[in-house]
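The sequence and structure come first.

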Amino acid sequence: MVATQIRTEKVQQSRVQSVDWNNLPFGKIFSDHMFVSDYRNGEWTDDRIVPFGHFTMHPASMVLHYGQTIFEGMKASKLADGTPVLLSPLDHAKRLNASARRLMMAEFPEERFVEAVSQLVALDQDWIPPAEGSALYLRPFMFATDEFIGVRPSDSYRFCIFTAPVGPYYAKPVRLVVEQEYIRAVPGGTGEAKAGGNYAASLLPAYLAQQKGFDQVVWMGGPKQTQIQEVGTMNIFFVIDGEVVTPATDGAILKGITRKNFIAILRDKGYQVTERVVEIDEIVAAHDAGKLEEMFGAGTAAVVSHVAELQYKDKLMVLPDVAERKIGPMLKKHIDGLRTGAVEDKFNWLVRV
Ligand SMILES: Cc1ncc(COP(=O)(O)O)c(C=O)c1O
């Protein structure tokens, strides 16, 4: 790895002693330090780790008007011997840059990304929660900082990484509704980028679904809006008559790193995994034939989110009890085990910091 000069300014007094590890609300508690780098005159400059704190912004900062902002979500955990580890950090660096290219933002060098995350986590390793299934959530993000009104790509950007300890995610099985009115993404749009605007656009449909008693929506695509894309902010998997099926990425679906890792784990264990177009009608038919064995979301935050019920138009489909499922629970256990060293890191996904 290329050694990068990162100036480090430590806090005078850590706040870590004040954390209640038994009560960690997601995304509200932030560790002592953050990494910051600024893109000016065509290069990233002044890489630094500094005390976590506010930014001041010019009212004309371009991100506030034209939305050039992208992010990542990843986790650090500790092996049984206390060594902090990251899971697939290079994949996150690459995806951030894929998002940057789509939004005409500056790419951040990938090895420098991994080095920045590693140094930040090493410094704040006491913030990695002790309980199994909990983690230090890492939020790398980038935004446009030109002070200018007018639609064009910004010439300057800020890249920042902060971290937040999060408790175990005891996700209860979710009730989903197939979204019939709103569209998350189409091929050629920005659905494959982890761009802030995608999430802003998803809030109203999610709110309306929640008003009707559902937890999240299933996003649909294809020429007639009959093809399943994703669920909320996760990729989706089905087990139909023993075969694992997930929608093929087509430019409108976020290329989840959990999705990619799940496919590798499953194939290594000898399961058949098919990435293809998944039509809602075939899911209905599989359900009616008693062959829809599992359905779950896959993402960094929850790892696996089991689906209990799926509503499509007037039809409510009820999935088998989680206790009867094999594949979703196995994948969750596998990823949680990798993060503590209990499961062998066969694919070299872990990076020790
Ligand atoms: C829209 C969307 N799909 C899928 C995912 C899952 O991706 P990953 O497994 O990389 O967390 C996420 C979360 O990052 C997401 O926001």
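## Ile6

Ile6 counts as buried in this predicted model, because its relative accessibility of 12% falls under the 20% limit. The residue sits in the segment before β1 (7–8).

Arg48 is 42 residues away along the chain, yet the C-alpha atoms of Ile6 and Arg48 are 5.0 Å apart. Apart from neighbours within four places in sequence, Ile6 touches Phe35, Asp47, Arg48, Ile49, Glu115, Ala116 and Gln119.

## Arg325

Arg325 belongs to the loop between β17 and α7. With a relative accessible area of 7%, Arg325 is buried, since the limit for that class is 20%.

Met295 and Arg325 are 30 residues apart along the chain, and their C-alpha atoms are separated by 9.5 Å. When neighbours within four places in sequence are left aside, the contacts of Arg325 are Glu293, Glu294, Met295, His306, Val307, Ala308, Leu319 and Pro320.

## Residues with positive phi

Gln225 is not a glycine, but has a positive phi of about 55 degrees. This residue is in the loop between β10 and β11. Gln225 is partly exposed, its relative accessible area being 25%.

Lys313, also not a glycine, has a positive phi of about 50 degrees. Its place is the loop between β16 (303–312) and β17 (315–318). Lys313 has a relative accessible area of 54% and is therefore exposed, as the class begins over 50%.

## The chain as a whole

The chain contains seven helices and 18 strands. Its radius of gyration is 21 Å, close to the 20 Å that the globule rule gives for 353 residues, so the chain is as compact as a globular protein of that length. The C-alpha trace spans about 60 × 55 × 35 Å along its principal axes.

Buried residues make up 51% of the 353 in the chain. Taking contacts between residues at least 6 apart in sequence, 71% join residues at least 24 apart.

## Domains

The domain assignment divides the chain into domain 1 (7–168) and domain 2 (174–338). The contact involves 18 residues from domain 1 and 20 residues from domain 2. Taken over C-alpha atoms, the centres of domain 1 and domain 2 are separated by 27 Å.

## The largest pocket

The largest pocket has a volume of about 770 Å³. It is lined by 37 residues, and the closest to its centre are Tyr137, Lys194, Thr233, Met234 and Ala301. By class, the lining of this pocket consists of 17 nonpolar, 13 polar and seven charged residues.

Which elements each supply at least two residues of this lining? They are β7 (135–144), β9 (174–178), α4 (196–211), β10 (216–221), β11 (227–231), α5 (257–268) and β15 (292–299). The most comes from α4, with three residues. Domain 1 and domain 2 each contribute at least three residues to the lining of the largest pocket.

## The cavity

The structure has one cavity of 30 Å³ or more. The largest cavity holds about 100 Å³ of space. Its lining is formed by Met74, Lys75, Leu87, His92, Ile257, Thr258, Asn261, Gly299, Thr300, Val303, Ile335 and Arg339. Two or more of the lining residues come from each of β5 (74–78), α5 and α7 (327–340), and α5 gives the most, with three residues.

The lining of the largest cavity has five nonpolar, five polar and two charged residues.

Definitions and conventions. Residues numbered from 1 in each chain as written. Predicted model: local features only at pLDDT ≥ 70, side-chain atom pairs only at ≥ 80, totals over all residues. Heavy atoms only, no water. 1 Å grid on protein atoms, 1.4 Å probe; cavity = no way out; pocket = protein on both sides within 12 Å on 5 of 7 lines; lining within 4 Å. Points joined across faces, edges and corners; volume = space filled by probe spheres on them. Helix = DSSP H or I, 4+ residues; strand = E, 2+ residues; numbered from the N terminus. Nonpolar A, V, L, I, M, F, W, Y, C, P; charged D, E, K, R; others polar. Domains from an automatic or database assignment. Rg over C-alpha atoms; globule rule 2.2 N^0.38 Å. Buried < 20%, exposed > 50% of the residue type's maximum accessible area, 1.4 Å probe, protein only. Contact = heavy atoms within 4.5 Å.
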